[in-house]
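Here is a short briefing on charged side chains. Look at the structure first, then read the points below.

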Amino acid sequence: MKRFFFTTFLLNAALILTLCAQDNTKTGLPDGAIARLGKGGINIMRFSPDGTRLAVGTDVAVWLYDVPDGKETALFTEHPGQVNAIAFSTDGKILASGGFNNPIIQLWDLDTDSKPSTLTLPEEIHSISTLTFAKDNTILISLDNFSNITYWDVVTREKALDIVTELSHDAVAVSKDGSTFATGDRHGTIQLWNPTIEHQFEDSGDKPQDQDVLALAFSPDKIILASGSEDKTVRLWDTEERAKIAALKGHEASVTALAFSPNGKILATGDAGKVIKLWDVNTQRERATLTGHTNGISALTFTPDGKILASGSYDGTIRFWNLDTEQAHLTFTTGHTEWVKAVAFAENGMTLATAAFTGVVEVWNLKAAQELTTFIEATKDLTGPVAFSHEATHFASRGGSGTIVFDSLRSGYRMRGPGRGNIELWDITTGEQIPGPWRDIEGDANAFTFSSDNNILVASIPRQKIRAWHINTGLELLAFNAAEPFGRKLVFSPNGTLIATNGTHVQTRVWDVTTQRDITPPNITNASALAFSPDGKTLAYGHPNGIVLSDITTTGIKERGRISNHRGFSSVLTFSPDGKIILDTQSIGRQPLIQLWDMNTGNDLGTLSGHTESIEMLVFSHDGKMLASGSWDGTVLLWDWDKISTKIAKESIGKELQSNLEPPQIPIEYAGKAEEAEAVINWLKQHNYRVSKFGDQYTLTHPNGSASGGGTIGSGDVTIKIDKAGTLRIRVQGIGSAICTLDEEDNLQFHSLPDSD
């Protein structure tokens, strides 16, 4: 039987350190962080001109590998951002990098290893899609998110020329000499641009409508352009004749990566279904199929001599393929994880478990900041909900077969695959799956959580029940019924007496475990995030207009006040170990942040930054000295909480800390439903909310945006449910509710119904 205990992990830590050539976990850390675990998902790869180095652009940095010894160097900028564009100068002395949500272009001198030069982008430019050197390396050419093509003088580090184009792009390629750009978009349109000609390819023959172009590549002589699409087809285009040459079919999943060999005779294509194919460009026939990756292909590149193909995958590895034998002869590196979905500390304080979107669990030694082992028994193509027990020994997941495509030019992803497996519960210290009735559950599971004593597994089953089982006995302990979809997050209170669920566009619910009663306060509408304080006496939840704090007593849950100077959309909330600080995750100006708030006063205590994509979870170590943040960027940042909290305490000395908590909203008493409806309609007018109808769709507009739909719509303090008869049930937070209809001029009219609420 396969066994790997945490104690064994600790004994092996010294050996791992000996084998590690360089510790990159402490390179380029933000203020307050003590280590970074993971390297970020792979976006792009390029070999140096002499083939001795491989540069890998990820969601967090550039990783430079010496070939073939595998020594790695992490190149981090001072501005956190993804790396989606990299280019070597033709002499191999300079490496340029840039990317999404990255306001700079870095020029790395690889000979002197000196501090990189920085090309600062204009304030409105926040992304670079591609880079290439031209004119004997004196010019660097970039394409940005506004479709500006900029020529940079490499010597002076200044702009030499700016060209504004109308190239919309979700995929991009540039010819080797930098003279021609190709872009593809989500509607299957490919545009070709050079200084004298701009042309748009039209493929009315076999191009499905609105099929996303996911990858583009020029042949070395730029005569042929290859495109890979969501429709599983590779197309070859004649760039001189502006015509399609061929459509290459054979992939069974979306084509996500392309690369021509240096002599232009071979085209390598990779898909979201783990498969790489080699094609003969002259005959347009398939030459070979390469398999071995355990998830989709994100990047492909050939060595300069054309003998080796390197493939990067969502599975976190880079593989080298010998084209003579058409076999993988080396797994070059690991650790390039996409999307960390769960994190948990072990009780000993020395180990940390992380779970990726595939259900692969990695266990880390925190003292050495090194990975100790990988648990792969729960691996699936993709997983839905995942969760660790509080001491990181048990792992719950529901996975399935399918494909996933991560966006290589920005954040986000798309999933496909109806195949969903059963709920699985694993003991990751022994590698054994734990049998129980949860394996026979019919229907999806939206979320999992464990009780604080690690003995109870709770699952949210949409439109059915919240169900809980004792892990050792399999005995079902409780089941809460509900007709509506349950939220995608479950939270157990620390004392185990309450369970709460929340999620986007679903009703937040709170249950008393002991009495199995629904005790949800009526004023909780659509909570974006939710957390219990360590002592179980406070419930905090995210709201479009602030973070609401409520007291939990034996008589129920009552609002205490709200942090009204809160900005943005809270995706995760948690309390500090002493319960004095609320940690809130959000994105401000495309920058993911951890916002700190004083729980008693609502005062802003500062932010922590370092991730490049949305932060999925915040977890404290059992001794409260360390904070772990996991992100869609594929990394976990470890923060010194003692240092951070001490700094906050010192900065507050001598300051008068006045409360900025907005008082709770007192329910208004109305004489009748007509008066309440009038107050709701007047409030909507005063705050510039307007409801309109077009066809069978309703739209709610207001100064900060709009929302539309035919069932339920809402924004800010307003939620509207629409029935089939076109009756609008409008609820305004703190004002009341009303049942209304729209007249011919889209004016709201009070509509009295016997069952009005």
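**Salt bridges in this model**

Asp 518 is partly exposed, at 36% relative accessible area (partly exposed lies between buried, under 20%, and exposed, over 50%, with a 1.4 Å probe and protein chains only). This is a predicted model: local features need pLDDT of at least 70, side-chain atom pairs count only at pLDDT 80 or more, and totals for chains, interfaces and linings use all residues. Residues are numbered from 1 along each chain as its sequence is written, and side-chain values use heavy atoms, with hydrogens and water left out.

**The overall count**
- The structure holds 19 salt bridges.
- A salt bridge is a side-chain nitrogen of Lys or Arg within 4 Å of a carboxyl oxygen of Asp or Glu.
- Side chains of opposite charge can pair when their charged atoms come close.

- Asp 518 forms a salt bridge with Arg 509, and their closest N and O atoms are 2.6 Å apart.
- Arg 509 is buried, at 13% relative accessibility.
- Glu 476 bridges to Arg 467, with 2.8 Å from N to O.
- Glu 476 is partly exposed, at 32% relative accessibility.

**A buried pair**
- Arg 562 and Glu 559 join their side chains in a salt bridge of 4.0 Å, N to O.
- Arg 562 is buried, with a relative accessible area of 2%.
- Glu 559 is buried too, and its relative accessible area is 11%.

**A network**
- Which residues are linked in a network of salt bridges?
- They are Asp 212, Glu 230, Arg 414 and Arg 416.
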